[in-house]
2 protein chains.
Amino acid sequence: MEVLVPFSTDRPKSRLSGVLTPDERVSLARAMLRDVLDAIEAGGGEPRVLATAPLDAELRCPVDVDDRPLTAAVNAALDPRFDGESTDSDPVAVVMADLALATPGALRELFAAGEAADLAIAPGRGGGTNALVVGHPEFRVDYHGASYLDHRRIAAEVDASVGVVDSHRLATDIDEPADLAEVLIHAEADDNERRSVRWLRGAGFALDVTDGRVGVTRE
Amino acid sequence: MEVLVPFSTDRPKSRLSGVLTPDERVSLARAMLRDVLDAIEAGGGEPRVLATAPLDAELRCPVDVDDRPLTAAVNAALDPRFDGESTDSDPVAVVMADLALATPGALRELFAAGEAADLAIAPGRGGGTNALVVGHPEFRVDYHGASYLDHRRIAAEVDASVGVVDSHRLATDIDEPADLAEVLIHAEADDNERRSVRWLRGAGFALDVTDGRVGVTRE
């Protein structure tokens with residue numbers, strides 16, 4: 001399955017500005033992108049980055065450039081793939097680049113849900129749409145606001161069946177300092193060494209358990 | 001499968017004190033408990049509440065009272081169920097009472113994982129243990145701090161196989177104001193009318209989308 005991975009090269013991860021400099025946020029965003037691309041490949045998908053500007057990084061997968069905002073860029077990518085001529089277009093997935101916890105298994109579940117229904121959605125914490133699979137020619141995205149609810153409404157309007165993927169890993173986009181704790185917790189639990197984990201540890205981040213609540217410290 | 005549901009009658013949900021009075025927190029906690037018990041039953045489990053004091057509410061399931069802290073009370077409940085005499089004790093689940101998003105399907109997945117491994121864990125956001133199934137006679141819980149990591153360590157020490165349940169619904173315990181948005185989002189998406197949702201709406205809570213971020217308002 002083709003998997004579009006939107007990536008903003010322009011001041012990424014601004015909600016981490018309290019704990020990371022702009023350059024650090026760029027580095028972490030790149031590390032997460034590479035982790036997500038690896039997980040997609042290992043899960044049987046064919047990733048294609050949809051970047052707002054050319055990337056200087058060497059990636060193994062194709063990179064398309066579209067400088068428009070997320071919704072417009074994704075819909076412009078969907079248009080030619082569902083051009084109305086054919087009624088049996090292959091489904092296309094859209095997976096966010098900051099899903100640092102995404103595993104091949106969780107993505108496989110997403111892809112399978114996208115084969116089984118006209119639309120599959122993995123909602124994010126806070127009502128976003130962290131990953132979806134579009135298999136209905138009339139469905140288009142709208143990422144503003146509580147997009148999970150909007151996408152379900154849009155699906156109902158075009159009479160598309162919907163599969164919901166219930167995954168903590170896919171629900172966790174890395175936006176805020178508390179999300180960094182999720183990356184470290186699951187890295188420790190799984191004994192993994194992804195790029196984003198190495199980057200965080202290299203930057204001095206560690207789990208911090210105080211008063212029974214888990215956060216991060218930086219040395 | 002027998003499913004223990006620990007429930008604290010004493011000042012529950014203190015992290016919601018910014019948005020709810022003490023009486024309101026008690027009401028919401030009771031509504032969530034009933035929702036969780038319903039989901040367990042519908043998922044094929046046999047719930048049993050483990051309360052810190054007698055409950056005045058009428059519940060359809062048995063209630064045991066143990067006024068000790070969570071870890072001690074759960075371990076005291078596990079002891080007689082794995083008494084060392086039999087080597088083939090049935091697995092026992094422990095599901096938190098504030099998993100207001102829990103569905104029968106998500107719990108069925110937990111129970112199945114607990115049949116397939118010595119221990120199944122559904123980690124919570126922040127490294128907690130929101131639900132687990134204990135099938136190994138030597139495993140005991142320790143809920144303090146990043147209990148998901150501690151429980152995996154304890155499992156390794158007693159040589160118990162571990163299944164991890166990746167579920168946003170089971171990862172979301174309702175602790176903080178932002179969690180109330182999760183309850184309303186998924187209620188709207190699923191068009192459900194659980195007690196906790198009715199309670200929140202009745203108390204004037206509604207979703208609020210400002211600047212693309214989703215929270216709750218109260219009228």
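## Salt bridges overall

The structure holds 44 salt bridges over all chains. A salt bridge here is a side-chain nitrogen of Lys or Arg within 4 Å of a carboxyl oxygen of Asp or Glu. This is a predicted model, in which local features need pLDDT of at least 70 and side-chain atom pairs count only at pLDDT 80 or more, while totals for chains, interfaces and linings use all residues; side-chain values use heavy atoms, with hydrogens and water left out. Residues are numbered from 1 along each chain as its sequence is written, and chains are lettered from A and ligands numbered from 1 in the order in which they are written.

## Pairs within one chain

Arg218(A) pairs with Glu24(A) in a salt bridge, with the closest N and O atoms 2.6 Å apart. The two partners sit in distant parts of the chain, 194 residues apart: Arg218(A) in strand S9 of chain A and Glu24(A) in helix H1 (residues 22-42) of chain A. Helices (H or I, at least four residues) and strands (E, at least two) are DSSP runs, numbered from the N terminus. Arg218(A) is partly exposed, at 36% relative accessibility. On this scale, buried means under 20% relative accessible area, exposed means over 50%, and partly exposed lies in between (1.4 Å probe, protein chains only).

In chain B, the side chains of Arg15(B) and Asp175(B) form a salt bridge (3.7 Å, N to O). Arg15(B) lies in the loop between strand S1 (2-7) and helix H1 (22-42) of chain B, and Asp175(B) in the loop between helix H5 (168-171) and helix H6 (177-190) of chain B, so the pair ties together parts 160 residues apart in sequence. Arg15(B) is partly exposed at 36% relative accessibility. Asp175(B) is buried, at 16% relative accessible area.

Glu193(B) and Arg201(B) also meet through their side chains in a salt bridge (3.0 Å, N to O). Glu193(B) is partly exposed at 46% relative accessibility. Arg201(B) is partly exposed at 36%. In chain A, salt bridges that share partners join Lys13(A), Arg15(A), Asp98(A), Asp175(A) and Glu176(A) into one network.

## The interface of chains A and B

Chain A gives 32 residues to the contact, and chain B gives 32 residues. Contact means heavy atoms within 4.5 Å. The two chains bury about 2700 Å² between them, 53% of it on carbon and sulfur atoms. Arg125(A), Asp166(A) and His168(A) supply 25% of the area that chain A buries against chain B, more than any other three residues. Buried area is the accessible area (1.4 Å probe) that two parts lose on being put together, summed over both.

Six salt bridges cross the interface. Asp179(A) and Arg125(B) meet in a salt bridge through their side chains (3.2 Å, N to O). On the side of chain A that touches chain B, the elements giving two or more residues are helix H4 (147-157), helix H5 (168-171), helix H6 (177-190), strand S8 (205-210) and strand S9 (213-218) of chain A. H6(A) provides the largest share, eight residues.

## Cysteines

A disulfide is a covalent bond between the sulfur atoms of two cysteines. The rule asks for a pair of cysteine sulfur atoms within 2.5 Å. By this rule, the count over all chains is zero. Cys61(A) is buried, with a relative accessible area of 12%. Cys61(B) is buried too, at 11% relative accessibility.
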